[in-house]
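Grab a pencil and work through a few exercises on the structure below. Try each task before you read its solution.

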Amino acid sequence: MAEPADYPPFQLGKPRFEQTSFYGRFRHFLDIIDPRTLFVTESRLKEAVQLLEDYKHGTLPPGVTDKQLWGAQKIKQAIIHPDTNETIFMPFRMSGYIPFGTPIVVGLLLPNQTLASTVFWQWLNQSHNACVNYANRNASKPSPTSKFIQGYLGAVISAVSIAVGLNVLIQRANKFTPATRLLIQRFVPFPAVGSAGNSPDQSGPAHAYTGSTSHHHVPAGEIETSQLEPEIAMATSSKTVVYNKGL
């Protein structure tokens, strides 16, 4: 019986969807963030890992389909870190980013926030981002813990400072009507979060997915710092940097 078109011949460590088209990369991202993998049991994970090991060593049981192999790889990639082979804590998996991150986004956009609530939600958002980045980091190249701490503190301070500063300015702007002031305040989290994401030596991008057998998590590329624009190169002491390729 022929396999469905969505399940091409299995290739260990390779993306299931064609990466040369936007649609293929889009479907690949949807696969990565699929929250259904959060409910995979420990026994099912072991079965998936064992199935991939059998494939690797040419000892697959008869009747195993490409669909089953792609499913097993999806489960392993969603739960197991490719470098450390350790289970990633559920809230910090890429598949958990939407269910665990959405409440934080809602908190950031709550109306009529106090100074304390603004600080809390900005701190929580940057803490969640830092934990996700660290949990999915490229562990094949050791990086000092101090670098992650520095990036985390820089992101938190930047986000909180901008959010609080903009809110204070808006409150003091007498020219705005209450309705206009409320509308503008709804957009304050965006520049705050964006500025924190540009902090130097941030805790690092999530593990790359370059199509290699280490099945990394997020599409990325690597470039020497000397080839970057001067203002970007000055923001880091690293010889090379990793950047997200996007869709």
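This is a predicted model: local features need pLDDT of at least 70, side-chain atom pairs count only at pLDDT 80 or more; totals for chains, interfaces and linings use all residues.

**Exercise 1. Work out what span helix α5 should have, and check it against the distance between its end C-alpha atoms.**

Step 1: Helix α5 covers residues 115-135, which makes 21 residues.
Step 2: The expected span is 1.5 Å times one less than the number of residues, and for α5 that comes to 30 Å.
Step 3: The end C-alpha atoms of α5 are 30 Å apart, so the model agrees with the expectation.

**Exercise 2. Pick out Asn125 and decide: buried or exposed? Then find what it touches.**

Step 1: Asn125 sits in helix α5.
Step 2: The relative accessible area of Asn125 is 8%. Buried means under 20%, so Asn125 counts as buried.
Step 3: Leaving out residues up to four places away in sequence, Asn125 touches Ile104, Leu108 and Val193.

**Exercise 3. List the buried residues of α1 and say how they are arranged around the helix axis.**

Step 1: The buried residues of α1 are Gly24, His28, Asp31 and Ile32.
Step 2: Look down the axis of α1 and these buried residues fall within an arc of 100°, so they line one face of the helix.
Step 3: What do the buried residues of α1 pack against? Their partner is α3.

**Exercise 4. Trace the network of salt bridges that runs through Asp31 and Lys74.**

Step 1: Start with the total, which is 4 salt bridges in the structure.
Step 2: Arg16 and Asp31 pair up through their side chains, at 3.9 Å from N to O. Arg16 is in the segment before α1 and Asp31 is in helix α1, so this pair ties together parts that are 15 residues apart in sequence.
Step 3: Asp31 also meets Lys74, at 3.0 Å from N to O. Here helix α1, with Asp31, is linked to helix α3, with Lys74, across 43 residues.
Step 4: Lys74 forms a salt bridge with Asp34 as well, with the closest N and O atoms 2.6 Å apart. Asp34 is in the loop between α1 and α2, and Lys74 in helix α3 is 40 residues away.
Step 5: Now check burial. Arg16 is buried at 17% relative accessible area, Lys74 is buried at 18%, and Asp34 is buried at 8%.

**Exercise 5. Find the residues that make the nonpolar surface patch of about 430 Å², and classify Tyr23 as buried or exposed.**

Step 1: The patch is made by Phe22, Tyr23, Phe26 and Leu30.
Step 2: Tyr23 belongs to helix α1, residues 22-32.
Step 3: Tyr23 has 55% relative accessibility. Exposed means over 50%, so Tyr23 counts as exposed.

**Exercise 6. Say what stands out about the phi of Asn85, and where in the chain this residue is found.**

Step 1: Recall that most residues other than glycine have a negative phi.
Step 2: The phi of Asn85 is near 60°, a positive value in a residue other than glycine.
Step 3: Asn85 is found in the loop between α3 (66-79) and α4 (97-108).
Step 4: With a relative accessible area of 55%, Asn85 is exposed.

Key:
Residues are numbered from 1 along each chain as its sequence is written. Side-chain values use heavy atoms; hydrogens and water are left out. Helices (H or I, at least four residues) and strands (E, at least two) are DSSP runs, numbered from the N terminus. Patches are made of residues with over 30% relative accessible area and no salt bridge: like charges are joined within 9 Å, nonpolar side chains (Val, Leu, Ile, Met, Phe, Trp, Tyr) within 5 Å. Accessible areas come from the Shrake-Rupley method with a 1.4 Å probe; for residues, only the protein chains shown count as cover. Buried means under 20% relative accessible area, exposed over 50%, partly exposed in between (1.4 Å probe, protein chains only). Contact means heavy atoms within 4.5 Å. The arc is that of the directions from the helix axis to the C-beta atoms.
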